[in-house]
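Let's walk through this structure together, starting with charged side chains and then turning to a sheet. Keep the 3D view open as you read.

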Amino acid sequence: MVGAERKMDNKKALIGEYLGTIEEFMPGEGTYAEDGRIYSSTFGDVGIDRENHVVSVGKKCLPTLEIGSVVFGEVLDIKKNAVVIIVRKIQGFEGEIDVKTGLFVSNIADSYVERPEDMFAIGDIVKGVIIKMEGNLIDISTKGPYGVVKAFCRRCRYAMILSDKSPDVLLCPCCGDKEKRKVAEDYGQVKEL
Ligand SMILES: [Zn+2]
């Protein structure tokens, strides 16, 4: 079954094309079931939501970004008033993407942040939400529960852990360095990465 799923990824389905059985999947958007078999009702990319075992056809089922998407990405660059984050994954989707997004200083935290470099370091893994899409410009926010889910020590690159003293201070178990970040609610608990 894993083999069959893999083969269907990135595949385009024709109308009426057989996709699988109802034992394997729930029929999702762009599909219909007949006699226990699922067929495509439209032409488009086949998408499989492995978490919920849903097969669907059409643009919505492949990992595509939209406003409200919760995403994971890596900090590529830190500028004076924004952080450049390369989004690699969309929560709930298996596939990897590679999309450049911007996190403006005003969207980092609920409280005022003066300098983005005080809250992020290059290479940090960030969980955020897409708040704006205009052409190629995509804005992400890390307000509220979002923020860094995995950080690496600026001195020795070791993976940092939460300190019990302050929610926004991380501790390096290797060299003892303490560093500030905009830490996500689920720091260190994200299995998808
Ligand atoms: Zn260290």
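Is Lys11 buried, partly exposed or exposed? This is a predicted model, and in it Lys11 has a relative accessible area of 28%.

Side chains of opposite charge can pair when their charged atoms come close. Another example joins Lys79 to Asp77, where the closest N and O atoms are 3.4 Å apart. Lys79 is partly exposed, at 45% relative accessible area, and Asp77 is partly exposed too, at 29% relative accessibility.

Now look at Arg181 and Glu179, whose side chains form a salt bridge at 2.9 Å from N to O. Here both Arg181 and Glu179 are buried. They also belong to a network of salt bridges that links them with Asp124 and Arg154.

Let's turn to the backbone. Strands of a sheet pair through backbone hydrogen bonds, either parallel or antiparallel. In this model, four strands make an open sheet with mixed pairing, ordered E1-E6-E7-E3. Strand E1 (12–13) and strand E3 (26–27) are at the edges with a single partner strand each, so one side of each has no neighbour in the sheet. For E1, the pairing with strand E6 (residues 44–49) is antiparallel and runs over two bridges. If you zoom in on Ala13, you will find its bridge partner in E6 to be Gly44.

Notes: Residues numbered from 1 in each chain as written. Predicted model: local features only at pLDDT ≥ 70, side-chain atom pairs only at ≥ 80, totals over all residues. Heavy atoms only, no water. Pairing = 2+ DSSP bridges. Buried < 20%, exposed > 50% of the residue type's maximum accessible area, 1.4 Å probe, protein only. Salt bridge = Lys/Arg side-chain N within 4 Å of Asp/Glu carboxyl O.
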